[in-house]
Amino acid sequence: LVAMSFSNRMFWSKAVRQWTRASEFQRLLMCGSYLHFAGFEAVQAERIDAGRGDPMYVVFARAPSVTDPAGHSRDGQRHRNGEL
C-alpha cells in the first residue's frame, strides 16, 4: 500500500509551479496519475478531514500483484496459471 496525503497549505516558494497553479481536484488527479502510471493498482482518493478546518486529502493505491514464473505470489501461495 502506498499513500500520499496533502492539504491546501504549502510553502509557495518551495512548491513546483504545476502544483501551485492546480486546483485541489487537479492535485488529486496529479497524485493519482503518478501512482497509476507507476503501475500501482486500485488508485483511490478521499477527503479525510470530515469537513473541519483545512481540507486534507489522501490518495492511495496497492502495489501490483507479482508472480514469479512458477506462479508464486509475494505471499508464497501458488496460484493456478499465475492468477491471484
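Trainee: Which residues are buried in H2?

Mentor: Keeping in mind that this is a predicted model, the buried residues in H2 are Arg27, Leu28, Met30, Cys31, Gly32 and Leu35.

Trainee: And what covers the buried residues of H2?

Mentor: The cover includes strand E1 (2-7) and helix H1 (17-21), together with strand E2 (41-47) and strand E3 (56-62). If you look at Met30, you will find that, leaving aside residues up to four places away in sequence, Met30 touches Gln18, Trp19 and Ala22.

Trainee: OK, which residues make up the largest nonpolar core?

Mentor: That core has eleven residues in all, among them Phe6, Met10, Trp19, Leu28, Met30, Tyr57 and Val59. H2 and E3 each supply at least two residues of this core, and the largest share, four residues, comes from H2. In soluble globular proteins, nonpolar side chains tend to be buried together.

Trainee: Changing topic, how many salt bridges are there?

Mentor: The count comes to two. In one of them Arg9 pairs with Asp54, with the closest N and O atoms 2.2 Å apart. Arg9 lies in the loop between E1 and H1, while Asp54 lies in the loop between E2 and E3, so the pair ties together parts that are 45 residues apart in sequence.

Trainee: What about Asp49, which residue does it form a salt bridge with?

Mentor: Asp49 forms a salt bridge with Arg47, and their closest N and O atoms are 2.6 Å apart.

Trainee: Is Asp49 buried or exposed?

Mentor: Asp49 is buried, with a relative accessible area of 8%, whereas Arg47 counts as partly exposed at 45% relative accessibility.

Note on methods. Residues are numbered from 1 along each chain as its sequence is written. This is a predicted model: local features need pLDDT of at least 70, side-chain atom pairs count only at pLDDT 80 or more; totals for chains, interfaces and linings use all residues. Side-chain values use heavy atoms; hydrogens and water are left out. Buried means under 20% relative accessible area, exposed over 50%, partly exposed in between (1.4 Å probe, protein chains only). Contact means heavy atoms within 4.5 Å. A nonpolar core is a set of buried Ala, Val, Leu, Ile, Met, Phe, Trp, Tyr and Cys residues joined through side-chain atoms within 4.5 Å. A salt bridge is a side-chain nitrogen of Lys or Arg within 4 Å of a carboxyl oxygen of Asp or Glu.
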